[in-house]
Amino acid sequence: MLGIFGKSAPAAPWLGSDERLFTLKLTKVENPLDPSPLWDSRYGGGKQITETVRNSTVLRLRDALDMHRATVLGRDSRGWQTEEKKVFTDVLIRIPRAVWNRDIQQPWQKSEMLCDNLSRLHYEDFGDHLLNNRKPSYAVMPIDTDMDMEEDQVMIQFGWGVFIPGEEDRPVGKISVKLREKSQWQFLPDWIFRKNGKGITRSSALYEHQQFLLIGADPESAALQVPESEGGRKIWFSHGQGNIWFNLGDKKGKYGFGCDGYVGQGRPRPDSGDGRVIVFPDDSPLSSENAQAPELLYLKIEAVTGEEAENAPDIPIPDADFLRTFQKGRTIIPGMIRHQLVLQGIALPRPDYVPGLESWTLRMDEKGYPAHPQESAKNSDLLLLFSDFRENRIYFRRPGEKDFIPAKELPFPLPDIRGLGYQIIPSPLPEQYLGILLLPEPRFIPMDEEGFLIGRSVVEPNLRLDYLLHPQSLKWQPGREQPDATLGHIGISGEHARVALREDQLLVQMDKGSTDFYILDRERNVKHTFRPFQKTEIFAEPDDCLLLGPYLLRFV
């Protein structure tokens, strides 16, 4: 794989897959404040610098940013929803305390030069690929020697959980913590920057365009650490591990948190002051099992005050409506979005179930998606599936071949096609569908409380299911032609159904659909049938599916 300007990059990410926090560790760094060798092994000295996971003398910060990107929703040139990979923009560099102490004694600190030059390199190499078109933002912080960090080591962190507030970023809320109900609140430690030789302080708070927040007790767990109490102990659980994370796209005001693989949700509760208090854990194993009594961490979010409030948006805390200033529910953070709909498969109709239909043909492109309507029907590079009313059996034709092969007894895995794992599974409604083609690349649609319409011709932000509109997908019996109809018209109306998130359930109801649609349970058995003109509201549970015309949508 080639990087942005042609350098050979690793074949796969090597710092894990958790986009909340990536940590790059470099050793044998002769000068931790020299930007060029930290950025790229081809720049200047530092040939001996070694990345600790791969034990590589080539991999540096530029490689890490290139290979560990943010996953966001986008649309391709044909208007279809896809996942895109964007380069993270905020980077925290941790250097040994001894190096930090020597630097701050100098009139002109090299740490400022390090941040400035790395920001420039970051923008020059990735300017067209930056997340949210945000300018790169860097900070240098010391790391204490109790982490066994030598003077020739550097720890670099980035991901959704790293947000370095720049001068143009406007704070909207401050965060404070305590361990006991009657203790004093302590704010998170401030960020301290150098600009033109002068110190600048920014609060470790929530900012207007921040999308994610990660808090922990040590640098290995989070970019932001909790402060110490008057007794010198970290305001954290006794085991000292784990982190609390906040997905700021969750409009319900329920905050996710996790520790050692556990993921739960905390609920705000009323507070007598001007903030909202969240108590962790909420019946969870986040606190230490060895504690004499259940450990609770109190965390409060409150509006900024004083000089910082002058440029802050007007946010009505304490009702926590500050979330309205953030992007809501449109950012994919693997494992962080509370619930989604997943376009998981294409339901293959029985030709004899559709009046007048002779046959249908489904064309799949090289990426595992239904072929675009403008794709030539004669393109031999497409995977084709076919059925007609005489046999009502599924046939498929591999790319580049001429002969159709019958799909054997279902479930039927199609032979390897460009490395894509296609499979046809049995139909939950044999009288209506021959089977369901599971997509090798499912499409994810984040859910929220406002919900949306689902249909063939709805407009954004509703869910438009228009993936099967190839003009040559249907063949009609003589005298029964419907020239404008496509496979994507069978069983689905323009504004068919309406869905919305309610706690951990999906509220589903018929809208203007003219045909039945179904809720299936996790074994894909029919759980409920929606009839036209019936406004019954039904709740779907996680792992239930919606079968709407030719589309199978799973609620996760």
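Which side chain does a polar contact of 3.1 Å join to that of Trp14? Select Trp14 and Glu51 together in this predicted model, and the answer is on screen, since the partner across that 3.1 Å polar contact is the side chain of Glu51.

Stay with Trp14, which is placed in the segment before strand 1 (22–27), and which counts as buried because its relative accessibility is 7%, under the 20% cut-off. Next, show what surrounds this residue: beyond its neighbours within four places in sequence, Trp14 is in contact with Leu24, Glu51, Val53, Arg54, Leu59, Asp63, Ala64, Met67 and His68. Of these, Met67 is 53 residues away from Trp14 in sequence, while their C-alpha atoms lie 8.2 Å apart.

Move on to the cavities, of which there are 2 of 30 Å³ or more. For the largest, with a volume of about 60 Å³, select Thr361, Leu362, Arg363, Pro370, Ala371, Tyr467, Leu468, Leu469, His470, Ser473 and Leu487, which line it; this lining comprises 7 nonpolar, 3 polar and 1 charged residues.

The second largest cavity, of about 40 Å³, has a lining that includes Gly161, Trp191, Gln210 and Ala223, and strand 13 (residues 212–216) gives the most to that lining, with 3 residues. By class, the lining of this second cavity holds 8 nonpolar and 2 polar residues, with no charged ones.

Finally, colour the chain by pLDDT, whose mean is 79, with 77% of residues reaching 70 or more. Select residues 308–337, where pLDDT stays under 50 although the model has 81 contacts beyond four places in sequence for them, and then residues 250–255, also under 50. Where pLDDT is low, predicted coordinates should not be read in detail.

Conventions. Residues numbered from 1 in each chain as written. Predicted model: local features only at pLDDT ≥ 70, side-chain atom pairs only at ≥ 80, totals over all residues. Heavy atoms only, no water. pLDDT = per-residue confidence, 0-100. Contact = heavy atoms within 4.5 Å. Helix = DSSP H or I, 4+ residues; strand = E, 2+ residues; numbered from the N terminus. Buried < 20%, exposed > 50% of the residue type's maximum accessible area, 1.4 Å probe, protein only. Polar contact = N/O pair within 3.5 Å; in protein donor to acceptor, adjacent residues only side chain to side chain. 1 Å grid on protein atoms, 1.4 Å probe; cavity = no way out; pocket = protein on both sides within 12 Å on 5 of 7 lines; lining within 4 Å. Points joined across faces, edges and corners; volume = space filled by probe spheres on them. Nonpolar A, V, L, I, M, F, W, Y, C, P; charged D, E, K, R; others polar.
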